[in-house]
Amino acid sequence: MERLQAAMTARATLKGWAEGRELVELVRAAHRAGWLDQLRSGATVEKLAAQGVPAERVRSVLDLLVAAGVAEAEADTFRLTPAFDALVEGGEGITLSSTLEAVDLASNRIALATEPVVPGFTPAEALVLARDWGVGPTEDARQLYRVIYEALPEFRDRLEQGGPLLDVGSGKGGALLTTLTAFPGLRAVGVESVPEVIEETRRRAENAGVADRVELRAIDARDLKDVSEFAVCYWAQAFFATEARAGTLARIFDALRPGGLLLVQEILPQQAEPTVRVRLDLLFHRQQGTDFGRSAEALAEELSAAGFADPRIAATPAGRLVLAKKP
């Protein structure tokens with residue numbers, strides 16, 4: 001009896017985990033069918049059933065979406081919740097399509113965890129990851145970054161003075177382009193090793209109207225040749241392989257002017273007992289050889305070891321940031 005009960009408990013646990021994946025697939029199907037777009041303005045069972053799906057099944061889908069927090073119901077009308085309406089609309093640079101692609105990428109990568117060697121990201125996978133991180137250069141994003149920079153007045157002042165800013169590991173340019181739109185006199189250089197990602201960032205820079213103030217380079221950060229050119233730098237350290245960190249910091253150190261400031265971010269809040277979600281994120285990124293999840297304290301020590309002075313940890317709406325100065 002004990003073994004039978006144990007097996008049944010484990011089976012129930014696995015099926016409980018599968019609930020999330022099944023809901024993701026339901027949301028994907030509703031998106032593909034155009035239902036989520038219709039639910040933005042409100043839709044009834046009858047309206048959605050007019051597309052050929054039996055009304056009883058439409059009702060089951062809508063009831064599930066309500067139970068999962070995707071939609072809400074008022075009388076006979078169903079609408080997306082404000083959170084999912086914003087995601088489907090995608091105006092903040094965070095979109096349902098990019099989120100679903102990132103979910104698929106994570107699932108596929110976690111499935112490789114027991115392989116002796118996990119291959120690096122393909123350019124297409126790197127682009128999926130880049131699209132999933134960061135925000136778009138919207139007014140809401142600018143307001144968020146203004147609050148962040150209020151906690152870092154010396155960094156903000158140099159941005160207001162025009163920089164220039166060096167952005168290392170730009171990804172799709174969420175932080176870079178938002179900062180450029182928030183500071184009209186700022187000039188910047190963005191560095192990203194994947195050409196396909198740089199092309200995405202270049203397109204976004206054009207759309208944001210800042211292409212004339214930013215130079216985007218598709219190079220390994222360790223190949224930077226600039227010397228004493230930049231007033232400030234942001235390094236997206238969490239996405240850099242362990243073996244590339246020292247070389248990248250050395251090039252950043254050279255590229256900054258004396259007295260220049262380097263800013264890095266603690267990506268994951270530090271917890272005595274990490275959640276399953278945090279452990280999955282760590283596994284996903286560390287399979288690529290990165291030190292994803294370093295604490296602010298560890299980052300401060302790393303910057304000191306690279307020659308930077310006076311590292312300071314600041315609490316902001318984006319989590320803990322570390323600011324250090326080139327002597």
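Tyr 145, Tyr 149, Phe 155 and Phe 183 come together in one aromatic cluster. This is a predicted model, in which local features need pLDDT of at least 70 and side-chain atom pairs count only at pLDDT 80 or more, while totals for chains, interfaces and linings use all residues. Residues are numbered from 1 along each chain as its sequence is written, and side-chain values use heavy atoms, with hydrogens and water left out.

**Aromatic pairs**

A search of the whole structure finds nine aromatic pairs. Rings of Phe, Tyr and Trp (its six-membered ring) count as a pair if their centres lie within 6.5 Å; planes under 30 degrees apart are called stacked, over 60 edge-to-face, and the rest tilted. Here are two of the pairs:

| Pair | Centre to centre | Angle between planes | Class |
|---|---|---|---|
| Tyr 149 and Phe 183 | 5.8 Å | 65 degrees | edge-to-face |
| Phe 253 and Phe 308 | 5.1 Å | 75 degrees | edge-to-face |

What does the pair of Tyr 149 and Phe 183 tie together? Tyr 149 belongs to helix α8 and Phe 183 to the loop between α10 and β4 (188-191), so the pair links parts that are 34 residues apart in sequence. Helices (H or I, at least four residues) and strands (E, at least two) are DSSP runs, numbered from the N terminus. Tyr 149 and Phe 183 are both buried, where buried means under 20% relative accessible area, exposed over 50%, and partly exposed in between (1.4 Å probe, protein chains only).

The pair of Phe 253 and Phe 308 joins helix α12 (residues 242-255) to the loop between α14 (296-305) and β8, so parts 55 residues apart in sequence are tied together. Phe 253 is partly exposed, at 21% relative accessible area, whereas Phe 308 is buried, at 4% relative accessibility.

**The nonpolar cores**

A nonpolar core is a set of buried Ala, Val, Leu, Ile, Met, Phe, Trp, Tyr and Cys residues joined through side-chain atoms within 4.5 Å. The largest has 27 residues, of which Leu 152, Phe 155, Leu 159, Leu 165, Leu 176 and Leu 180 touch the most other members. At least two residues of this core come from each of α8 (139-150), α9, α10 (174-182), α11 (195-208), β5 (214-217), β6 (230-235), β7 (256-265) and β9 (319-325). The most are given by α10, with four residues.

Beyond its neighbours within four places in sequence, Leu 176 is in contact with Leu 165, Asp 167, Ser 170, Ala 188, Gly 190, Val 214 and Leu 216. Contact here means heavy atoms within 4.5 Å.

**Backbone features**

Most residues other than glycine have a negative phi, and most peptide bonds are trans. Against that background, a few places are worth a look. Ala 75 has a positive phi of about 55 degrees; this residue sits in the loop between β1 (71-74) and β2 (77-80) and is exposed, with a relative accessible area of 76%. Asp 310 also has a positive phi, near 55 degrees, but is placed in strand β8 (residues 309-316). Asp 310 is exposed too, with a relative accessible area of 64%.

Where is Pro 164? Pro 164 is in the loop between α9 (153-160) and β3 (165-168), and the peptide bond from Gly 163 to Pro 164 is cis, with omega near 5 degrees.
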